[in-house]
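Subject: Structure handover

Hello,

Please find the structure we discussed below. My notes on it come after.

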Amino acid sequence: MTGRSQASAGDLLELVRSGRATTRGALQQATGLSRATVGQRLDRLFRAGWLREGAGGPVDSPLGGRPSITLEFDDEHAVVLAADLDTRHARAAVLKLTGEILAEHGGTLVVEDGPDAVLGELGRWFAELLEKAGQRAETVCGIGLAVPGPVDSETGRVVQPPMMPGWDGYDIRGRLARAFTEHTGAGSVPVLVDNDANLMAYGEQRTGYADCSAFVLVKVSTGIGAGVVVDGSIYRGIDGGAGDIGHIRVGAEALCRCGSYGCLAAVASGGAVARRLAEAGVPAASGSDVRDLLAAGHPEAVGLAREAGRQVGDVLATVVTLLNPGVLMIAGDLAGTAFLTGVRELLYQRALPRSTAHLDVVTSRLGERAGLVGAGALVVEYLYAPERVEERLLAMGM
Ligand SMILES: [Zn+2]
């Protein structure tokens with residue numbers, strides 16, 4: 001045995017998926033494995049159905065000799081389920097492993113009804129969506145869930161979530177896996193849970209800004225949260241608390257849902273704007289009501305959204321100075337022209353010119369689908385990570 005650990009089947013799959021090595025010869029070169037060993041490992045991946053021969057035909061081998069067959073990740077062998085919970089609304093989808101949405105549903109689902117009811121209902125949605133997409137439940141490889149609260153990614157549980165009463169410490173993974181099994185009759189699958197802003201950031205960064213190594217997304221809906229993607233991975237902090245900027249004190253006296261006074265979310269979120277509108281006699285109860293009013297050009301809503309943007313922009317000046325991102329994306333119910341104008345006003349006024357010189361302030365590309373796309377991608381990256389591939393192949397008897 002040499003001291004250097006040898007490339008596994010999972011490492012080979014990673015090389016093929018990323019496009020870094022897509023022929024047997026290139027895999028030999030990249031890993032230093034013998035032709036026979038590469039062949040054995042690829043054989044396991046072919047038998048699992050995860051690899052296929054490329055449609056492009058043979059290409060010249062880097063080692064010379066006969067042209068070689070190209071290999072590619074078989075993205076048809078499984079599908080992913082994803083759901084994105086907001087406080088009063090949810091979306092769910094069946095996705096291909098490439099992230100393409102095959103079937104999608106959005107509807108009312110009230111987080112305050114508690115995890116048992118909400119996750120049970122999601123199981124029912126998933127069963128219907130699979131039927132709509134013409135996919136068997138047995139092809140589902142995993143489920144990704146976005147929630148509007150801080151998540152401990154080790155356990156998949158939410159930790160003291162201000163907007164999710166009754167969910168603190170609840171076994172979300174276990175309940176959703178059971179709901180899937182109950183409604184589809186299929187076996188249990190892995191469930192991954194993460195914060196919604198994190199997953200929106202992940203989805204947007206991967207699909208639209210793959211070259212951006214420091215990406216920040218701020219979601220301003222009923223609450224306010226931020227997702228940070230650094231070098232292609234979600235940055236969660238030590239226990240999932242990174243990006244929870246809605247509860248930074250900005251000194252105002254409004255009471256926040258978290259129980260403190262003066263949080264950013266208590267004065268500048270969709271919920272806060274809705275409350276001010278209601279006080280002024282304009283019917284609005286949530287971030288999505290504000291979104292509708294903004295879309296209709298309601299002058300009072302536009303004025304309040306701009307002011308909210310200024311308050312968020314002030315906090316973002318600090319965020320941008322600390323992280324020096326290349327892209328700052330504003331997403332969620334309030335993410336329109338008025339809010340963005342307010343953000344820009346304060347951000348460029350307060351941040352160091354140096355930290356905004358190469359910064360793009362943009363709005364969402366994926367819109368309401370960002371969380372779903374991010375949740376799906378999280379599952380795929382988890383399941384096909386080299387160490388997991390080895391585990392799963394062994395579990396399949398390969
Ligand atoms: Zn708060």
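The notes cover the metal site, the aromatic and charged contacts, and the strands.

This is a predicted model, in which local features need pLDDT of at least 70 and side-chain atom pairs count only at pLDDT 80 or more, while totals for chains, interfaces and linings use all residues. Residues are numbered from 1 along each chain as its sequence is written, and side-chain values use heavy atoms, with hydrogens and water left out.

Zinc site

The zinc ion has His 247 (ND1), Cys 256 (SG), Cys 258 (SG) and Cys 263 (SG) as its donors, at 2.0 to 2.3 Å. Donors here are N, O and S atoms within 2.8 Å of the metal (3.2 Å for Na, K and Ca); water is not among the atoms, so sites may look incomplete. The spacing of the donor residues in sequence is H-x8-C-x1-C-x4-C. The angles subtended by the four donor atoms run from 105 to 120°, which makes the arrangement tetrahedral; four donors get that label if all angles lie between 85 and 135 degrees. For reference, the ideal angle for four tetrahedral donors is 109.5 degrees.

Cys 263 is buried at 1% relative accessibility, whereas Cys 258 is partly exposed at 34%. Buried means under 20% relative accessible area, exposed over 50%, and partly exposed in between (1.4 Å probe, protein chains only).

Aromatic pairs and charges over rings

Rings of Phe, Tyr and Trp (its six-membered ring) pair if their centres lie within 6.5 Å; planes under 30 degrees apart count as stacked, over 60 as edge-to-face, and the rest as tilted. The count by this rule is three aromatic pairs. One of them is Phe 73 with Tyr 384: the ring centres are 5.0 Å apart and the planes at 75°, so the pair is edge-to-face. Phe 73 belongs to strand E2 (residues 71–73) and Tyr 384 to the loop between helix H13 (370–383) and helix H14 (386–395), so the contact ties together parts 311 residues apart in sequence. Helices (H or I, at least four residues) and strands (E, at least two) are DSSP runs, numbered from the N terminus. Both Phe 73 and Tyr 384 are buried. The pair of Tyr 209 and Phe 215 is tilted, because its ring centres are 5.5 Å apart and its planes at 40°. Tyr 209 and Phe 215 are both buried. Ring pairs also link Trp 50, Phe 73 and Tyr 384 into a cluster.

Two of these tyrosines have an arginine over the ring. The charged end of Arg 392 sits over Tyr 384, 4.8 Å from the ring centre, and Arg 365 lies over the face of Tyr 209 at 4.6 Å from the ring centre. The test is that NZ of Lys or CZ of Arg is within 6 Å of the ring centre and within 35 degrees of the ring normal.

Salt bridges

With a salt bridge taken as a side-chain nitrogen of Lys or Arg within 4 Å of a carboxyl oxygen of Asp or Glu, the count is 28. In the one between Glu 390 and Arg 44, the closest N and O atoms are 2.9 Å apart. Glu 390 is in helix H14 and Arg 44 in helix H3 (residues 35–48), so this pair ties together parts 346 residues apart in sequence. Arg 44 is buried, with a relative accessible area of 15%, and Glu 390 is partly exposed at 22%.

Arg 124 and Glu 121 form another, with the closest N and O atoms 2.7 Å apart. Both residues lie in helix H4 (residues 115–133), three residues apart, about one turn of the helix.

Strands

Strand E4 (residues 89–96) has seven of its eight residues buried, so it is largely enclosed by the rest of the structure. Two strands pair if DSSP finds at least two bridges between them. Strand E3 (residues 79–85) runs antiparallel to E4, with seven bridges, and a hairpin of three residues joins E3 to E4. Val 79 is opposite Lys 96 in E4. Strand E5 (residues 101–108) is also antiparallel to E4, again through seven bridges. The hairpin of E4 and E5 has four residues between the strands, and Gly 99 there takes a positive phi near 100°.

Elsewhere, five strands form an open sheet in the order E12-E11-E10-E13-E14, with mixed pairing. Its edge strands are E12 (233–234) and E14 (360–363), each pairing on one side only.

Regards

Definitions and conventions: Tetrahedral: all angles 85-135°; square planar, octahedral: opposite > 155°, others 65-115°.
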